[in-house]
Amino acid sequence: MNSTKDTMIFLAKVIVSSAALSAAIKFGGPLLPVAGLTGTELNRVAIALIITPSLIVAAFLWTIAHRQGS
């Protein structure tokens with residue numbers, strides 16, 4: 001089993017990575033050139049913007065889990 005210290009370190013990593021990702025979305029989002037997009041193109045961009053953060057966090061957590069398992 002993981003000790004309390006390992007659990008706290010893991011939670012800290014998750015919180016820091018989530019905060020960094022949120023900041024990237026907040027400050028980088030307005031820089032995206034989506035003003036000229038309409039219809040299907042805009043829907044694809046919106047779906048990508050919604051799914052990408054979850055995929056990044058999932059990959060980060062998966063990597064950490066495999067490192068701890070070794």
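Leu32, Val34, Leu42 and Leu49 together make a nonpolar surface patch of about 300 Å². Please keep in mind as you look around that this is a predicted model.

Valine 34 sits in the loop between helix H1 (4–28) and helix H2 (39–69). Its relative accessibility is 32%, so valine 34 counts as partly exposed. Leucine 49, in contrast, belongs to helix H2 itself. With a relative accessible area of 47%, leucine 49 is partly exposed too.

Now for the helices on either side of that loop. Two packed helices are described by the angle between their axes and the distance between the axes. Here, the axes of H1 and H2 come within 11 Å and cross at roughly 155°. Angles over 145 degrees count as roughly antiparallel, which makes H1 roughly antiparallel to H2. The crossing of the pair is right-handed.

Helix H2 also holds proline 53. Is proline 53 buried or exposed? Its relative accessible area is 18%, and buried means under 20%, so proline 53 is buried.

| Residue pair | Separation in sequence | C-alpha to C-alpha distance |
|---|---|---|
| Leucine 49 and isoleucine 25 | 24 residues | 8.9 Å |
| Proline 53 and phenylalanine 10 | 43 residues | 18 Å |

Leucine 49 is a handy place to begin, as a residue of both helix H2 and the nonpolar patch.

Terms used
Residues are numbered from 1 along each chain as its sequence is written. This is a predicted model: local features need pLDDT of at least 70, side-chain atom pairs count only at pLDDT 80 or more; totals for chains, interfaces and linings use all residues. Side-chain values use heavy atoms; hydrogens and water are left out. Patches are made of residues with over 30% relative accessible area and no salt bridge: like charges are joined within 9 Å, nonpolar side chains (Val, Leu, Ile, Met, Phe, Trp, Tyr) within 5 Å. Accessible areas come from the Shrake-Rupley method with a 1.4 Å probe; for residues, only the protein chains shown count as cover. A salt bridge is a side-chain nitrogen of Lys or Arg within 4 Å of a carboxyl oxygen of Asp or Glu. Helices (H or I, at least four residues) and strands (E, at least two) are DSSP runs, numbered from the N terminus. Buried means under 20% relative accessible area, exposed over 50%, partly exposed in between (1.4 Å probe, protein chains only). Axes are lines fitted to C-alpha atoms, for helices over the stretch in contact, and angles run from 0 to 180 degrees between N-to-C directions. Angles under 35 degrees count as roughly parallel, over 145 as roughly antiparallel, 65 to 115 as roughly perpendicular and the rest as oblique. A crossing is left-handed if the near helix is turned anticlockwise from the far one by less than a right angle, and right-handed if clockwise.
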